[in-house]
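Welcome! Take a moment to look over the sequence and the 3D view, and then we can walk through them together.

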Amino acid sequence: MDIVTHGERIIGDHILGFQVGNEPDLYAQHGHRPTTYSPFDYSGEFGIWRDLWTNNADIKNKTNLIGPSLALANWAMEDVWNTPFLQDYASSLMALTVEK
Amino acid sequence: MPARLWLSPLKSKRYIFFVHGVLLNRCSYPDNNCAALYEGLGTPVNPQDVFPNYLTHNSGLGIVQKLLNSTSIAQQYQKEFIMFETNSASCGGFRGISNVYGISLWGLDYGLQMAYSNFSHALFHVGGQDVYYNVSISSYVRVTMILRTIHSPSFVSFSQNDSLSPLLIALHSSSDEPVKLPPVDCWSDLLPCYGHARDSRQDWLCSRR
């Protein structure tokens, strides 16, 4: 989480947000996660980071997370919307993202 | 970290982001030139075979069409919807496509189509000296003391410099509020046009292939 605390200190109000995970629908294909890695797994991992954010007293802004940043290579956006992602993290998200 | 260019109607803000988690080499762009860089990755592509794919309104339209539901969802949740890391082709782009005039037209149409489709921001990915989709390149001769950089064709549509970017000019308004750009009467897939009313005037921005 150092990147967050240092970012807030150095860049301040000019930070748009923090992207949690980059193209998670390619994690399994690139060998970074098991072949069974699913949108539900990503949603769960996002929650771990969100909780770290929430519980870190050194982080000022708790509502500027960004996701899911899919590459649309193996998942559609709807595959993430069909998980609890939006319901569970809406209060922490500042933007929804895609990479195409 | 490679440089990023932001397209946003909010020209007064400067945006920086950090990536958390795993960084991957390949992104899902309209096409990819990965076979030229990495043996066994992707199918080799002759750029001239795919250039016509960029010379039509259907290119940008096709990219955003599958995301219209998501932009609607973003509005329901009152969140911004951002196109991260996009450009003409991944793995550095195509020589003869990503660095020629035609891609300026593609970028202009694609960007405006995103604006019309309720995207809040877009990031056109650029990189080091070994990619074709940069908006500027270093001069190869010793005129750099005067010239410094040579602007690539994509600079025309993607540039952060408001006075040079028709895309940013179209998205700005005197009040710095986002401008609605409905594509009224898209005359043809080779001549997409976007119109909007500002004050008592109607302005049109067309991209002819």
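Is Cys91(B) buried or exposed? Cys91(B) is buried, because its relative accessible area is 13%, where buried means under 20% relative accessible area, exposed over 50% and partly exposed in between (1.4 Å probe, protein chains only).

## Before we start

This is a predicted model, in which local features need pLDDT of at least 70 and side-chain atom pairs count only at pLDDT 80 or more, while totals for chains, interfaces and linings use all residues. Residues are numbered from 1 along each chain as its sequence is written, chains are lettered from A and ligands numbered from 1 in the order in which they are written, and side-chain values use heavy atoms, with hydrogens and water left out.

## The disulfide

Over all chains, the structure holds one disulfide, meaning a pair of cysteine sulfur atoms within 2.5 Å. Its partners are Cys34(B) and Cys91(B), with an S to S distance of 2.1 Å. The link is right-handed, with 85 degrees about the S-S bond. It connects distant parts of the chain, 57 residues apart: Cys34(B) sits in helix α1 (residues 34-37) of chain B, and Cys91(B) in the loop between β3 (80-86) and α5 of chain B. Helices (H or I, at least four residues) and strands (E, at least two) are DSSP runs, numbered from the N terminus. Cys34(B) also counts as buried, at 0% relative accessibility.

## Chain B as a whole

Chain B has seven helices and eight strands. Of its 209 residues, 48% count as buried. Contact means heavy atoms within 4.5 Å; of the contacts in chain B with a separation of 6 or more, 64% come from residues 24 or more positions apart.

## The nonpolar cores

A nonpolar core is a set of buried Ala, Val, Leu, Ile, Met, Phe, Trp, Tyr and Cys residues joined through side-chain atoms within 4.5 Å. The largest one has 44 residues, and Phe85(A) and Met83(B) touch the most other members. Helix α5 (residues 101-116) of chain B gives the largest share of this core, four residues.

What does Met83(B) touch, not counting residues up to four places away in sequence? Its neighbours include Val98(A), Glu99(A) and Lys100(A), as well as Ile63(B), Leu67(B) and Tyr110(B). There is also a second, separate core of six residues, among them Leu16(A), Ile66(A), Ala95(A) and Ile82(B).

## Where the chains meet

In this model, 41 residues of chain A are in contact with 34 residues of chain B. About 3400 Å² is buried between chain A and chain B, with carbon and sulfur atoms giving 63%; buried area is the accessible area (1.4 Å probe) that two parts lose on being put together, summed over both. Between chain A and chain B there are zero salt bridges. On the side of chain A that touches chain B, the largest share, seven residues, comes from β3(A).

## Salt bridges

A salt bridge is a side-chain nitrogen of Lys or Arg within 4 Å of a carboxyl oxygen of Asp or Glu. The structure holds two over all chains. In one, Arg33(A) pairs with Glu45(A), their closest N and O atoms being 3.0 Å apart. Arg33(A) lies in the loop between β1 and α2 of chain A and Glu45(A) in helix α2 of chain A, so the pair ties together parts twelve residues apart in sequence.

Asp51(A) and Arg50(A) also form a salt bridge, with closest N and O atoms 3.4 Å apart. Asp51(A) is partly exposed, with a relative accessible area of 40%, whereas Arg50(A) is buried, at 16%.
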